[in-house]
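Subject: A structure for you to explore

Hi there,

Here is the structure I promised to pass on to you. Please open it next to this email, and then read on for what turned up in it.

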Amino acid sequence: MRAGRVLGAVLGAGAVLCLLAGVAVTALGVRVDGSSMDPTLRPGDRVLVSPGSEGRVDRFDVVLLRGGRQDSLMVKRVIGLPGDRVAIVSTGAEPFQVLLQEGGEGPVRRVVAAQWAGRALRAGACCSAEGTRSARAELRTVPEGGFFYLGDNPDLSDDSRQYGWGAIDRVEGRVGLRAYPVTAAPGLGNRPLLEEYGGPPP
């Protein structure tokens with residue numbers, strides 16, 4: 001009889017904890033709308049922000065930021081930091097080559113992200129002085145207090161190519177983990193890499 005009561009108490013406590021966790025995710029989690037970060041984040045996913053990460057950016061982090069034409073909350077990936085030089089080169093064979101020169105010095109390297117494969121087919125060059133699309137590819141320096149950001153699903157993402165440099169002080173935090181759905185891995189993965197670029201300089 002005593003063992004049955006203990007088991008019942010444990011099960012009851014577990015149910016309460018699950019309920020509280022669900023309430024916390026609903027209250028504190030941010031719901032992802034749209035497909036601009038697919039496949040890293042899908043519509044309906046809920047993410048949690050790392051405490052104390054507002055107003056900060058690190059290369060290749062996924063962040064929540066305010067911006068766009070309606071000053072909405074967006075989920076995007078940081079590509080270029082202040083002082084970096086960035087460009088997007090488009091050729092018939094490769095319509096989406098993101099180039100980065102860290103700190104504006106040294107070699108120009110290519111940003112490689114496995115999730116872009118099959119999702120970056122639209123030709124387009126970058127960048128203008130404001131960080132937006134341009135008629136031809138040109139390396140531009142990310143200004144102090146700004147950053148260059150893209151979606152993991154480039155053909156369906158409104159990002160720096162439309163809105164220009166992001167403002168670091170408008171970043172509401174770094175996405176720490178995915179809290180929902182519970183069947184998905186909590187980590188985001190899909191972190192881009194830098195590799196040697198052998199093409200002509202933009």
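Asn-190 counts as partly exposed because its relative accessibility is 31%; buried means under 20% relative accessible area, exposed over 50%, and partly exposed in between, using a 1.4 Å probe and protein chains only. Its place is the loop between strand 13 (171-180) and strand 14, where strands are DSSP runs of E with at least two residues, numbered from the N terminus. Asn-190 has a positive phi of about 60°, although it is not a glycine.

Before you go further, two notes on how to read all this. This is a predicted model, in which local features need pLDDT of at least 70 and side-chain atom pairs count only at pLDDT 80 or more, while totals for chains, interfaces and linings use all residues. Residues are numbered from 1 along each chain as its sequence is written, and side-chain values use heavy atoms, with hydrogens and water left out.

Phe-60 also has a positive phi, near 75°, and is a residue other than glycine. You will find Phe-60 in the loop between strand 2 and strand 3 (62-67). Is Phe-60 buried or exposed? Phe-60 counts as buried, since its relative accessibility is 7%.

Next, have a look at the cysteines. A disulfide is counted here when a pair of cysteine sulfur atoms lies within 2.5 Å, and by this rule there is 1 disulfide. Cys-126 and Cys-127 form it, with their sulfur atoms 2.1 Å apart. The link is right-handed, with 95° about the S-S bond. The peptide bond from Cys-126 to Cys-127 is cis, with omega near 25°. Both partners are buried: Cys-126 has a relative accessible area of 0%, and Cys-127 comes to 1%. Cys-127 sits in the loop between strand 8 (125-126) and strand 9 (133-134).

Another cis peptide bond joins Asp-38 and Pro-39, with omega about 10°. Pro-39 belongs to the loop between strand 1 (30-31) and strand 2 (46-49).

Side chains of opposite charge can pair when their charged atoms come close. A salt bridge here is a side-chain nitrogen of Lys or Arg within 4 Å of a carboxyl oxygen of Asp or Glu, and the structure holds 16 of them. One of them joins Asp-38 and Arg-119 at 3.5 Å, N to O. That pair links distant parts of the chain, 81 residues apart, with Arg-119 in the loop between strand 7 and strand 8. Asp-38 is buried at 13%, whereas Arg-119 is partly exposed at 24%.

Arg-110 forms a salt bridge with Glu-94, and their closest N and O atoms are 2.6 Å apart. Arg-110 is in strand 7, and Glu-94 is in the loop between strand 5 (85-89) and strand 6, 16 residues apart. In the salt bridge of Glu-102 with Arg-109, the closest N and O atoms are 2.3 Å apart. Salt bridges that share partners join Arg-59, Asp-84, Glu-102 and Arg-109 into one network.

Finally, the strands. Two strands pair if DSSP finds at least two bridges between them. Strand 7 (residues 109-112) pairs in the antiparallel sense with strand 6 (residues 97-101) over 3 bridges, and with strand 14 (residues 193-196), again antiparallel, over 4 bridges. Which residue is the bridge partner of Val-98 in strand 7? The partner is Val-111, and the bridge partner of Val-111 in strand 14 is Leu-194.

Enjoy exploring!
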